[in-house]
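This report describes a set of protein chains, moving from pairings between strands to the chains built from helices. Please keep the sequence and the structure at hand while reading.

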Amino acid sequence: MTMNTLPRRLLSSLTFVVGTGLLLAMLVMALLGPWLYPQGPWTVAGAPMTWPGTDAALPLGTDALGRDILAGLLHGARVSLLIGAAATAVALCVGIVVGTLTGYFGGWVDDLLMRLTDAVQTVPPFLLAIVVVLIVNPSVASIVGAIALISWPTVARLVRAEFMRLREADFVSACRLMGMRPARIIFVQMLPNAIPPIVVSSSIMVASAILIESGLAFLGLGDPNVISWGTMVGLGRSDLRAGWYLVVIPGLAIMLSVLALNLLGDGLNDALNTRLSP
Amino acid sequence: MIPLLKSLAALVALSASFATVAQAPVRGGTLTVALPTEPAHLNSAIDTTQQVKIVAGKIYSGLLKYDLKMNMQPDLAESWSVAPDGRTITFKLRKGVKWHDGRDFSSADVAFSIMKGFGPNNGLVRTTFANVESVQTPDAHTAVLVMRQPAAALMNALPVATATILPAHIYDNTDIRRNPANTRPVGTGPFMFSEWRRGDAIVLVRNPNYFEAGKPYLDRMVFKVIPDTQARGAAVESGAVDMVFHSTVAASDARRLAGLKNLELTTDGYHFDSTVSFAEFNMQHPIVGKREVRQALAHAIDRKFVLDNVWMGFGKVATSPVHYGLRQAHTDSVPQYAYDLKRAEQLLDEAGFKRGANGMRFKLTIDFVPFGDQYPKVAQYVRQQFVQIGIDADVRSSDFATWVRRIWTGRDWALNLSALTNASDPSIGIQRAYSSKNIVPGTPFTNGTHFRNADLDNYFEQASVNSDPAIRKRHFAAIQRILATELPVIPLVAIDQFTISSKRVRNHATLSDGVYGGFADVWMAPN
Amino acid sequence: MNFLRYLLRRLAQAALVLGLVIVLQFLLLHLAPGDVADVIAGESQASDPAFVQQLRSELGLDRPLPVQLLLHLQRVVTLDWGQAHSMDAPVWQLIAERLPGTALLMVSALLLAIVLGVALGILAALHARRGLDGLISVLALLFYATPGFLVGIGLILIFTVQLQWLPMSGMSSLYGDASWWQRSVDTARHLLMPMVSLSLFYVAIYTRLMRAAMLEVLPMDHVRTARAKGLGRWRIVWHHAARNALLPIVTMAGLQVSSLLGGSVIVETIFGWPGIGRLAFEAVFKRDVPLVMGILLLSSVLVLLVSLLVDLIYTRLDPRIRLR
């Protein structure tokens, strides 16, 4: 299992390349934002409801209060991607911990934690996110928390499945017989083997986090102090007939980033799974 | 010869214009109205939300109607007289009126409604009607209100959706909030309740025994629940509904829709709403509690911009919380605060809040009422303006329950963007917000700023009992001057609500309560 | 006997989960500041303290939290759904009125997703790594990535605003007398866009799943035997290959009831569709605890039942899975 075949496999996968390319484009957008528009996305830049392409200084037009859509798009890239990444990171932490505990120890620990996982997953996830965001006022922190809350069960199950599989493996039994401490077994022996499916799914999770955030913002539950793509959609919704570009432009940005992340995940999946199959 | 021809021509022209003006109402048809929210029930005596009032107003009747100049007209009351000292008001009631279930209407229903119906239960006019000590019913068609003290605003507070006359034989001795008639109402109005498809629509049909003979003209009214703003706009554009009311399409859409061949827009018929939006302050806050700070902030908001871009020009820049439509009370001669960022910064410096090392003077959180699309936009605009003059402002978004709790109970707020309906008189709509006697923690839409001014309280009290319009106008002018000087509130826009309807719908805005009235005179022209 | 024990264990687990859900949701809702009395009073700009206080005591909102929780649990056990605080009707009635709407939307969306997903998946697998497969895969990816509200709004802009073919709101436009046929057509016209908006995401998932499953099954022995025997192409595809691949799809569909319910909130909001999703959203906004709890209870029971059913079918049909 050499490591240098992996990069080659990745680069030869078209999906991975396209996905990474798109994602890099998004990241460039995020970085360009503060540089091209240091005044931020909130300043009134021109006449309200200017259509894209009608004013050279405002290539993507303005919204109902005269704010530059392009500025919003670039600044929003940073926020949307950050929220997606942060929520996924938190979900991974919680999910890995829970999955490890249940997968390794089994027994009543498994029963209890799995019932808790079930309880969280039984409630329609989007509704749960709405309730949580409402309790703690809508803000980047509460949105990240809410999305993490509904995402960790999937990670936990994934890790648990891997651990249950690995627990019966010979090399683990050998370690146990040798008297290795559980913590060492978990961190050094088992977890590294569970990483590949986690990596693949985290790409998908960031994508779904971005989708959920945009859904929350669409319903009016976004953070009012930052502009994310979802916020732009939420704000533009009330003036849809006067300018559908208000919703479609950030909507397309969301779609492209979700696309990019999915392609990335697919590419990783192809590359990593080929490596693992016997 | 020629003079004859001329007069003939004139006659022809005259009769032609008469033909277009005095078209005869056509009987029949269904009028469909878009409802933004499904009402919880249909009893407007205990609920003042728009969606309840618009349906209940067709099923029930009030004592009076008011034309667009607020001249009183008979509804259930045929004639009325107010004693010179204002302590008794006599209503002579119409004879032969029947409830939708066939029972006879009588003064007992009026007495019940005032003393146990809307009187104690309508949050908006409760204080006004608390002045009624009792209602005498010497006969079945006479009701005499005996007042503890005169209530100048009362005679203008009697349209159906505000002072709803309920059937005593159904509601007396029951829990008014749990009575099943709240969802299957029995009224005396031009339309009868027919069907309620939850989440979808409410259907009313003509009352064949309505007391105005030959009316209503419409066969049926359908109230379709369409929660999405865009969907409502599309519905009225395509003819799926005939009417959207109370500005419930996006303002940016409204102008475009009004320009279409088959639609028209009117701002008539919202006298009883007369809402003014504002930014109000928590007078107990350490920073905005200082008058100079409030004055500075007033200079930082361009109200014309807000009017033009958030309300799309539907209204006027407000100089006081009293709506300009309330001609008996409104005045412009009050201290004004022009849009002047330099002056704002100067005032803040003088108040001792200089810019710090990071360019900021102090932090400020902006709250706003989570109702409608406008207030988040105003909040963002205000925040941006404040940042320009060195205030580290941020916007806080809450849902309705959280917002209510915070402003009136929790009190951890500094600036609140909201709006208040004036109703038809400042004594009803405004007094509750600024009189120090109405500081009631835990109850929304009382005096949330905790503004206290003894003179203001005094003027309000006198205005509420004095029937002389000239004296009242003077008192209200004084009140507005105090409010503009002490500035517990920065008025923003006096809103003109609008109705967009198909041109086929006639006579829907001929009364002051507009869409919230009975619609007995409304008819639909054929295609 | 083994199976019966398994069933009982699963039921017991489900009951425990349900209990956890109820308690957690109750606590969560009560953590939110403000209550329904604030909302009711606030919405009507009512400024009467006596009224607000009376409302609170009527609804039992001024009792301590543990007491309220116990009362709630007692009502759940006795199957008493309670009265909605914000609407003048019992909770079960409000839910019953809106349930058919959501059921219609979800079932039709799911059916469309399965039918379309299976068809596209089979097509893609049969043309694996060639033109049509690439096209279908790209399409699936697009469906997956496009946010639901964008699909909904896009459909409205095209079919209602531009072409004026389809109504954009509600479930029906007929009032008064109409024949059964007229009602059905009317409802179908209203259902079309919301159904497509909700299902597109799942079409993508099932397409990819079906394609992957078919690619696994097609090279297998029994398919090659059938081919060697000279059986017709479509017969092979359907009888021998696709049917085996269907099982994971159907079970996955069952497990996605929860996610569909969440997705229906946005679709129901955009299209004004009278359903449970939107009712839940409005109820949370209004802090109408009995109504929210009723809906969540119903959806949790539904989800648990479906997942139990799916598990049972799986264990029955696939003897390779041992019952623990």
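How many bridges join β12(B) to strand β19 (residues 499-502) of chain B, and in which sense do the two run? Four bridges join β12(B) to β19(B), and the two strands run antiparallel.

## Basis of the description

The model is a predicted one, in which local features need pLDDT of at least 70 and side-chain atom pairs count only at pLDDT 80 or more, while totals for chains, interfaces and linings use all residues. Residues are numbered from 1 along each chain as its sequence is written, chains are lettered from A and ligands numbered from 1 in the order in which they are written, and side-chain values use heavy atoms, with hydrogens and water left out.

## The open sheet of chain B

The pairing of β12(B) with β19(B) belongs to an open sheet of seven strands, whose order in chain B is β8-β9-β10-β1-β11-β19-β12 and whose pairing is mixed. Its edge strands are β8 (191-197) and β12 (263-266) of chain B, each of which pairs on one side only. Strands here are DSSP runs (E, at least two residues; helices are H or I, at least four), numbered from the N terminus, and two strands are taken to pair if DSSP finds at least two bridges between them.

Strand β4 (residues 77-82) of chain B pairs with β5(B) in the antiparallel sense over five bridges, and Ser81(B) stands opposite Thr90(B) of β5(B). The two strands form a hairpin with five residues between them, and in the turn Gly86(B) has a positive phi of about 75 degrees. Strand β5 (residues 88-93) of chain B shows a covered face of Ile89(B), Phe91(B) and Leu93(B), whereas Thr88(B), Thr90(B) and Lys92(B) make up an uncovered one.

β5(B) also pairs with β7(B), again antiparallel and over five bridges, and Phe91(B), from the covered face, has Ala143(B) in β7(B) as its bridge partner. Strand β7 (residues 142-147) of chain B in turn pairs antiparallel with strand β6 (residues 132-139) of chain B over five bridges. A hairpin of two residues joins β6(B) to β7(B), and Val132(B) has Met147(B) as its bridge partner.

## The helical chains A and C

Chain A holds 10 helices and zero strands, and chain C has 13 helices and zero strands. The C-alpha trace spans about 75 × 45 × 30 Å along its principal axes in chain A and about 85 × 60 × 40 Å in chain C. Of the 278 residues of chain A, 58% count as buried, while buried residues make up 52% of the 324 residues in chain C; buried means under 20% relative accessible area, exposed over 50%, and partly exposed in between, with a 1.4 Å probe and protein chains only. For contacts (heavy atoms within 4.5 Å) with a separation of 6 or more, residues 24 or more positions apart account for 72% in chain A and 74% in chain C.

Helix α1 (residues 2-31) of chain C has 30 residues and should span 44 Å at 1.5 Å a residue, which agrees with its end C-alpha atoms being 44 Å apart; the expected span is 1.5 Å times one less than the number of residues. Among the buried residues of α1(C) are Tyr6(C), Arg10(C), Gln13(C), Val17(C) and Val21(C). An α-helix has 3.6 residues a turn, so residues three or four places apart point the same way.
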